[in-house]
Amino acid sequence: MAHGTRGPVPIPQETQSRNVVHEVLDLLDTKSPLTTSEDLASISQKDVKAALDRLASRSMVTYETKDSEQVLLTPEAENIVANGSHEYRVWVAVKDAGKVAIKELPNIVGADSAKVGSGNAFKNKWIKKDGDSLVPLAEEVKDTTREVLKNIQETKSLSDAKQLADLKKRKLVTVSKVISYVVSKGEKYAREIPVEVTDLTAEMLASGEWETANFKPYNFNALGAAQNAGALHPLMKVRQEFRNIFFNQGFVEMPTSHFVDSGFWNFDALFVPQQHPARDMQDTFFISDPPKADKPRPDPETEAQLDAMEAGSRRLFATDEKKETKPRDYEQYFKDIQRVHQEGAFGSIGYRYPWSEDECLRLVLRTHTTAVSTWVLHRLAEDPRPARYFSIDRVFRNETVDATHLAEFHQIEGVIADFGLTLGGLMRFLEDFFSKMGIEGLRFKPAYNPYTEPSMEIFGYHVGLGKWVEIGNSGMFRPEMLEPMGLPKDMRVYGFGLSLERPTMIKYGVSNIRELLGHKVDLDFIKNNAAVRLDKN
């Protein structure tokens with residue numbers, strides 16, 4: 001056979017030494033249409049279907065699928081057809097003997113027939129009790145059960161629905177679905193499968209054979225090979241939606257590559273006291289090696305990252321006028337943080353406790369991305385101006401893992417710095433921000449944060465749960481946090497945050513966070529879920 005061609009039966013469709021493809025073609029030559037359940041009853045429908053699909057793809061046959069139900073006898077029912085029903089066998093035994101002791105009946109007809117048949121024979125008034133014995137009551141009887149089952153055995157059907165339900169209850173019959181095919185000749189019917197060319201070769205082009213070749217048609221209904229393509233995790237899809245919302249509102253993304261940070265940036269610069277419960281081992285992962293961090297100092301790599309991120313927004317406000325910038329004094333900033341904690345400063349009485357430098361410089365896995373916001377706001381003090389920043393990245397808490405908590409999660413955070421900001425403005429901004437996610441009618445509840453005053457928890461109504469749920473936290477950063485950085489007294493900063501996991505779980509219908517992250521994640525769940533949109537449906 002020439003290269004690139006297919007012969008009469010390239011892969012014979014055979015079962016038990018029978019060629020099903022040729023058998024179908026031979027039968028159609030004398031009978032069209034044919035019904036597979038009758039004409040090919042001895043061949044499994046699976047093998048018949050494979051042969052029909054092969055022929056139909058070449059337009060040699062056409063076929064229709066017919067669904068029907070068959071009533072089949074159980075082994076017990078087949079025994080009844082062969083030997084009579086239980087009640088009939090009881091009647092015959094009693095009739096032949098004239099009188100049978102009840103305790104002897106199982107020895108004559110068997111235990112099952114004696115138990116089932118006696119009751120039905122009494123019900124049909126074929127026998128009666130005479131003391132401890134049974135005697136015949138009817139001279140002639142008709143074994144209706146056997147006749148009905150025999151008819152079912154021959155026809156595989158029963159039209160009386162009530163009788164069918166009774167036989168199913170007695171476990172004498174079962175009903176199964178039967179698929180058969182009505183097959184007719186196709187437009188290209190032939191007794192043999194013609195040779196089909198599947199590849200156009202250089203030799204065919206050179207010889208001109210391609211002009212008369214019988215090319216196999218494309219099967220556009222066939223499924224293509226599954227592609228092992230990558231897929232974005234649902235968290236990353238929702239993360240990108242949040243990023244788009246921030247970018248559309250003029251925010252600049254903050255660099256968040258430091259998973260390990262010092263207690264200074266994570267706690268002290270945020271006016272979190274060193275005795276605060278959040279700094280206990282119960283909530284924070286501390287790093288043992290190295291034992292402590294350096295004091296605050298320049299970070300050229302992170303500076304370059306933020307310069308690149310801010311470049312676009314700075315061009316929007318570019319002027320020919322050169323503004324003077326105030327260089328950062330890290331040593332003075334460190335001393336001012338110590339002073340505001342220990343003695344009070346910038347109009348605050350502080351916490352008035354013996355502040356520890358060693359505790360301040362302990363290394364921790366950051367417990368919130370506000371540590372990054374603190375560094376960015378300190379950088380903003382060089383050139384105080386209206387600015388908006390956001391970050392979405394991982395944070396770490398020493399928490400017990402359950403259906404709604406993990407030891408690490410993603411925090412979404414935004415800060416807005418400007419002059420003349422008010423609490424009402426923060427509430428109005430949050431209403432607008434969450435409306436982009438389809439959440440409206442927010443409620444606000446007073447809360448406590450060491451670094452914001454006033455502080456508010458944010459609640460939204462969850463239609464699916466039918467209740468109000470906390471969706472975020474917010475507030476205005478305290479002067480004890482902002483003024484040591486060197487920011488002007490009249491500059492205010494909004495801060496707000498929420499988790500990434502909660503909206504993702506709501507959007508994708510996930511009830512256990514361990515099904516979203518970790519070793520229990522179903523890869524099909526990641527591959528097959530569509531992109532999400534956070535606007536209202």
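Predicted model: local features only at pLDDT ≥ 70, side-chain atom pairs only at ≥ 80, totals over all residues.
Residues are numbered from 1 along each chain as its sequence is written, and side-chain values use heavy atoms, with hydrogens and water left out.

View A. Helices (H or I, at least four residues) and strands (E, at least two) are DSSP runs, numbered from the N terminus. Angles run from 0 to 180 degrees between N-to-C directions, and axes are lines fitted to C-alpha atoms, for helices over the stretch in contact. Look for the 2 bridges between strand 4 and strand 9 (residues 173-185), where Thr35 stands opposite Val182.

**View B. Two helices on the sheet of strands 6, 8 and 7.** This open sheet has 3 strands in the order 6-8-7, paired antiparallel. Its edges are strand 6 (100-101) and strand 7 (127-130), each of which pairs on one side only. Strand 7 is joined to strand 8 (residues 133-136) by 4 bridges, and Lys128 has Val135 of strand 8 as its bridge partner. Helix 5 (residues 86-97) lies across strand 6, strand 7 and strand 8, at about 85° to strand 8. Helix 7 (residues 111-123) lies across strand 7 and strand 8, at about 105° to strand 7.

**View C. Helix 4 packs with helix 8.** Helix 4 (residues 75-83) and helix 8 (residues 144-155) meet at an angle of about 115°, and their axes are 9 Å apart. Helix 4 is therefore roughly perpendicular to helix 8 (65 to 115 degrees counts as roughly perpendicular, under 35 as roughly parallel, over 145 as roughly antiparallel and the rest as oblique). In contact here (heavy atoms within 4.5 Å) are Ala77, Glu78, Ile80, Val81 and Ala82 of helix 4 with Arg146, Leu149, Lys150 and Gln153 of helix 8. These contact residues divide into 5 nonpolar, 1 polar and 3 charged.

**View D. An aromatic pair, Phe264 with Phe334.** The model has 21 aromatic pairs, meaning rings of Phe, Tyr and Trp (its six-membered ring) with centres within 6.5 Å. The ring centres of Phe264 and Phe334 are 5.6 Å apart and their planes are at 35°, so the pair is tilted (planes under 30 degrees apart count as stacked, over 60 as edge-to-face and the rest as tilted). Phe264 belongs to helix 12 (residues 263-266) and Phe334 to helix 14 (residues 330-342), so the pair ties together parts that are 70 residues apart in sequence.

**View E. Backbone details at Pro290, Pro454 and Ser59.** Most residues other than glycine have a negative phi, and most peptide bonds are trans. A cis peptide bond, with omega about 0°, joins Asp289 to Pro290, and Pro290 lies in the loop between helix 12 and helix 13 (300-316). Another cis bond, again with omega about 0°, joins Glu453 to Pro454, a residue of strand 17 (residues 452-462). Ser59 has a positive phi, near 60°, and sits in the loop between helix 3 (45-56) and strand 5.

Key
Nonpolar A, V, L, I, M, F, W, Y, C, P; charged D, E, K, R; others polar. Pairing = 2+ DSSP bridges.
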